[in-house]
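Take a walk through this protein chain, one stop at a time. Keep the sequence and the 3D view side by side as you read.

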Amino acid sequence: MVNKSLSYYMTRYAEGNLSEEERAHLTEMLRSPAHQEELAALLESDWAFWEALGLDLPERYAAVKKGVFAQLQAEEAVVPAAPVVKAIPLYRRWWVAASILLLLAAGGYFMTTYTTDVPDMVEVGPPMIAPGKEGAVLTLADGSQVLLDTITSGTVALQNGVTAKVVDGALVYEGKGNAVVYNTMSTPKGRQFQLTLPDGTKVWLNAASTIRYPTAFSGTERKVDITGEAYFEVTKGTIPFVVNADNRAEITVLGTHFNVNSYSNEEGLATTLLEGSVRVSKGNTSRQIRPGEQALVTESVQVVSGVNTARVVAWKDGLFDFDGASLEQVMRQLERWYDIEVVYKGKVPNITFWGGITKDLALADLLTGLKRSEVNFKIEGRQLIVLP
């Protein structure tokens with residue numbers, strides 16, 4: 001057998017086409033110091049995934065070798081009965097799908113490879129459902145609207161002397177105008193957008209979200225109202241910045257970075273702090289959180305420590321993070337990003353997902369990542385049907 005590159009054998013492995021001889025040769029290559037540089041180069045070529053997960057090169061490198069070895073050994077062993085809850089990693093790149101998710105699965109390793117072919121269990125018909133994109137609707141004080149989907153640069157004249165400019169797809173307020181009026185930015189399903197408020201605070205809106213804000217801040221607080229999900233980088237100042245999150249909680253800061261998930265169909269309202277200090281209040285209950293902590297608001301305010309903040313804000317950086325998510329939680333994300341409706345026929349499968357995937361895939365391509373989950377899908381128009 002003529003020796004091929006490590007990339008060649010890894011590709012064959014991910015596609016399930018390795019012969020016994022090739023399998024043995026791949027195992028030897030992974031053990032050999034002569035191929036460590038090539039393996040490291042493969043990892044480096046998909047740096048964005050690892051950076052989002054907060055992993056450095058040594059961790060990635062070790063996990064890849066460990067994951068591939070574990071999978072090769074598992075394929076040669078007797079397969080035990082499937083557990084009730086399965087861990088299904090989803091990654092776009094084959095070398096990620098083939099290995100690293102052992103690190104994320106916390107003891108459970110199940111490989112899912114990426115292909116451009118839709119498996120038999122995914123019945124796909126027109127239209128091809130594309131992923132979401134940058135875009136939003138800006139509603140001015142008089143009710144008139146500006147569609148921001150197609151504006152990539154230039155100055156936008158609003159009302160009462162207020163001006164804003166679009167820079168690299170983000171709306172940035174400039175002139176404060178003659179009077180304080182309120183604008184509302186909304187992202188429909190399948191859209192997300194970035195906004196810079198009059199005080200310089202940057203806001204990223206996830207799909208199906210809104211933010212209402214004044215065109216100039218005055219008085220004793222800088223207050224905005226949101227629904228859905230938003231990430232804030234608040235400009236420091238002496239006047240508190242207050243976020244009214246869907247009338248369910250208030251977040252008060254002076255200058256900080258934090259994420260608020262206030263979707264009404266999620267379990268509780270979650271405020272996650274990346275930098276600075278935040279106070280989260282509900283009624284008479286108030287809790288202070290520190291970086292790496294999350295305030296979960298249900299009937300009360302609870303503080304969760306040791307939160308992986310990179311995973312919380314992965315949506316802002318073009319990634320789905322499904323780590324530890326149930327099928328229903330994953331489907332709610334897909335509904336918002338692909339502007340679809342998910343319908344369950346029969347009992348909802350008890351499945352836990354691990355890992356993530358980029359948000360730039362067509363829906364049918366993303367569903368190929370579920371082909372080993374033992375869940376069947378059918379697409380009818382913009383309806384995704386989960387079959388028994």
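Start with a single contact between two side chains. Gln192 and Lys359 are joined there by a polar contact of 2.9 Å. Bear in mind that this is a predicted model. Now place Gln192 in the fold. Gln192 sits in strand β10, which covers residues 191–196. Is Gln192 buried or exposed? Its relative accessibility is 8%, so Gln192 counts as buried; the cut-off for buried is under 20%. Look at what surrounds Gln192. Leaving aside residues up to four places away in sequence, Gln192 touches Lys133, Glu134, Gly135, Thr187, Leu205, Asn206, Ala207, Trp315, Lys316, Trp337 and Lys359.

Now step back to the whole chain. Its secondary structure comes to nine helices and 27 strands. The chain has 388 residues, and 49% of them count as buried. Consider next the contacts between residues at least 6 apart in sequence. Of these, 52% join residues at least 24 apart.

Ala130 and Leu361 are 231 residues apart in sequence, yet their C-alpha atoms are 7.2 Å apart in space. Ala130 has a relative accessible area of 47%, so it is partly exposed. Partly exposed covers the range between the buried limit of 20% and the exposed limit of 50%.

Next, turn to the largest pocket. Its volume is about 980 Å³. There are 35 residues in its lining, and the closest to its centre are Asn261, Gln294, Val312, Asp321 and Gln333. Which elements each supply at least two residues of the lining? They are the strands β16 (257–262), β17 (269–275), β20 (294–297) and β22 (319–321), together with the helices α7 (309–312) and α8 (327–338). The largest share, four residues, comes from α8. What kinds of residues make up the lining? They divide into 14 nonpolar, 13 polar and eight charged.

Aromatic rings are the next stop. The structure holds seven aromatic pairs. One of them is formed by Phe320 and Tyr338, and it is stacked. The ring centres are 6.4 Å apart, with 25 degrees between the planes. This pair links distant parts of the chain: Phe320 is in strand β22 and Tyr338 in helix α8, 18 residues apart. Both Phe320 and Tyr338 are buried. Elsewhere on the tour, look for an aromatic cluster. Phe217, Phe232, Phe241 and Phe258 form it.

Finish with the backbone. Most residues other than glycine have a negative phi. Now check Asp246. Its phi is near 55 degrees, a positive value in a residue other than glycine. Asp246 lies in the loop between β14 (241–245) and β15 (249–253). Its relative accessibility is 26%, so Asp246 counts as partly exposed.

Asp339 is another stop of this kind. Its phi is near 55 degrees, again a positive value in a residue other than glycine. Where is Asp339 found? Asp339 is in the loop between α8 and β24 (341–344). Asp339 is partly exposed, because its relative accessible area is 36%.

Notes
Residues are numbered from 1 along each chain as its sequence is written. This is a predicted model: local features need pLDDT of at least 70, side-chain atom pairs count only at pLDDT 80 or more; totals for chains, interfaces and linings use all residues. Side-chain values use heavy atoms; hydrogens and water are left out. Buried means under 20% relative accessible area, exposed over 50%, partly exposed in between (1.4 Å probe, protein chains only). A polar contact is a pair of N or O atoms within 3.5 Å; within protein, one must be able to donate a hydrogen and the other to accept it, and residues adjacent in sequence count only if both atoms are side-chain atoms. Contact means heavy atoms within 4.5 Å. On a 1 Å grid over the protein atoms alone, a cavity is a set of points where a 1.4 Å probe fits but cannot get out, and a pocket is an open set with protein on both sides within 12 Å along at least five of seven lines; lining residues have an atom within 4 Å of a point. Grid points are joined across faces, edges and corners, and a volume is the space filled by probe spheres set on the points. Ala, Val, Leu, Ile, Met, Phe, Trp, Tyr, Cys and Pro count as nonpolar, Asp, Glu, Lys and Arg as charged, and the others, Gly among them, as polar. Rings of Phe, Tyr and Trp (its six-membered ring) pair if their centres lie within 6.5 Å; planes under 30 degrees apart count as stacked, over 60 as edge-to-face and the rest as tilted.
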